[in-house]
Amino acid sequence: MEQFQNHNLEFMVEDYHEMTDFNDILFEDTESPREGTKPKTDTSALEARNGRDIQGIPWERLNFNRDRYRETRLKLYKNYENLSRSPEELIKVGVAASKPLQRQLCCSRSPVRVMNLRQMQFFLGKWECTEAETCHNFYDFQFNTRLVKSTIVHFQLRNLVWATSKHDVYLMQNYSLMHWSSLLRRGKEVLNVAKPIEPTQFLSQPGVAFSTKLATDENAITNAVDIYHNSNGSIRVMTANNDAHVRVFDAGNFACLSRFSFPWSVNNTSVSPDGKLMAVLGDSVECLVADTQSGKVGFYFYLLQTWHPDGQIFATGNQDTTCRLWDIRNLSQSITVLKGRMGAIRAIQFTSDGRFMAMAEAADFVHIFDTQSAYAKVQEIDLFGEIAGISFSPDTEALFVGVADRTYGSLLEFNRRHYNYYLNSIL
């Protein structure tokens, strides 16, 4: 993430919202909750089955219907791209470099910049995408609330929703970390960072065990935090920072164990399930895979996002609206290419059992793929608004989607559908 000053960042975010948000006048909400009742702005599964829009958008009061507005959005939405070279230039580089780089990739563990023909085809969109059946419902809509609303600070960073159980989910709302209980249907502020939190250990603030400033640079924003178990089973905390460093902390005493330097600001890190490899994504056209102990770079890729629980497959989200699946045992080409509908793929997550993979576009669409069908079956969740994040619950029973919109910002909950075929033999 570029090192913007705060006021410049605000202007950039406002410009991006002007390009992608709803028209607030067209979607103005006049409903207000009654004391002691469910807010009218919230939507239940029963109401959705009876015809209510899952986001509570009053299409019947508008001059156009949902299908017409969807058609307009698909035509007018501007997908963000920042490629520094033209596709023609990339093809020329790829043709010249393809064969020797492929040989080096297969025969060496040394750092390799993979800028070959397959990446050029990636930029031109010439990869053949998997044809997936969309008439599937793996997760059913359960509830939508506007009592808590996801917000986005930087349009490229969308990992802002995280579920710790099927009843507990955390999200960012302005300067606050919010907790939503789907069981109690109640939101609560957990942490407010509008005011500086002094670096100290064992803070008196409830729920905070440790706080520290990672760098002296005032613009050294911490872009991502990953909590994982290393190969010995110890809990580690890995941070990605704008000062071009990745730091690893011991979760027990919060001592900094390792610090790795990179030539660009680090936007995100993702550690493999066995704790041995980390993917590092930053202000570069590539993402690299490195050893978590030494920091030694093994391979370069483009925008690596998340790992499958088996530790052998990982997924990348890309600006060309595709998601690619890679096998760490054979990196000569991606094993599957999945296509979005409208925008860049900003968030990807697998269920803990590896059965499903959800990918979220920058706005409007979340796709849930059945991995057991080789990603040939998919459920498409169609909504309106910028997507702040997605998260499966650890038991795979719930999927939460954060929507960042000035009018219809909300948190949506979907529950896993179970097919009890054995009941058919009883009836």
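Two rings of Phe, Tyr or Trp count as a pair if their centres lie within 6.5 Å, with planes under 30 degrees apart called stacked and planes over 60 called edge-to-face. I am working from a predicted model.

**Entry 1, aromatic pairs**

I turned to Trp 59 and Phe 64, whose ring centres are 6.4 Å apart; their planes stand at 65°, which is over 60, so I noted the pair as edge-to-face. From Phe 64 I went on to Tyr 69, and here the two rings are stacked, with 5.5 Å from centre to centre and 20° between the planes.

I then checked how much of each residue is accessible, keeping in mind that buried means under 20% relative accessible area. Trp 59 has 12% and is therefore buried; Phe 64, with 14%, is buried, and Tyr 69 counts as buried at 11%. Which residues do ring pairs link into a cluster with Trp 59? I wrote down Phe 64, Tyr 69 and Phe 384 as its partners in that cluster.

I located Thr 43 in strand β1, which covers residues 43-44. Is Thr 43 buried or exposed? I recorded a relative accessibility of 0%, and for this reason Thr 43 counts as buried. Its side chain reaches the backbone oxygen of Ile 54 at 3.5 Å. Leaving aside neighbours within four places in sequence, I listed the residues in contact with Thr 43, among them Lys 38, Ala 48, Arg 52, Asp 53, Ile 54, Gln 55 and Gly 56.

I searched the whole structure for salt bridges and found 13. One of them joins Arg 70 and Asp 364, with the closest N and O atoms 2.7 Å apart. This pair links distant parts of the chain, since Arg 70 sits in helix α3 (residues 66-76) and Asp 364 in strand β23 (residues 363-370), 294 residues apart. I found both Arg 70 and Asp 364 to be buried.

In helix α3 I next looked at Glu 71 and Lys 75, which are four residues apart and therefore separated by about one helical turn. They form a salt bridge whose closest N and O atoms are 3.4 Å apart. Glu 71 is partly exposed, with a relative accessible area of 46%, whereas Lys 75 has 63% and is exposed.

I then took the salt bridge in which the side chains of Arg 158 and Glu 386 meet at 2.8 Å, N to O. Where in the chain do Arg 158 and Glu 386 lie? Arg 158 is in the loop between β2 (139-145) and β3 (161-165), and Glu 386 is in strand β24 (residues 378-392), so that the pair links distant parts of the chain, 228 residues apart. I noted that Arg 158 is buried, and that Glu 386 is buried as well.

Last, I followed salt bridges that share partners, and these join Asp 53, Arg 66, Arg 70, Arg 73, Asp 364 and Asp 382 into one network.

Technical notes. Residues numbered from 1 in each chain as written. Predicted model: local features only at pLDDT ≥ 70, side-chain atom pairs only at ≥ 80, totals over all residues. Heavy atoms only, no water. Helix = DSSP H or I, 4+ residues; strand = E, 2+ residues; numbered from the N terminus. Buried < 20%, exposed > 50% of the residue type's maximum accessible area, 1.4 Å probe, protein only. Polar contact = N/O pair within 3.5 Å; in protein donor to acceptor, adjacent residues only side chain to side chain. Contact = heavy atoms within 4.5 Å. Phe/Tyr/Trp six-rings, centres within 6.5 Å; stacked < 30°, edge-to-face > 60°. Salt bridge = Lys/Arg side-chain N within 4 Å of Asp/Glu carboxyl O.
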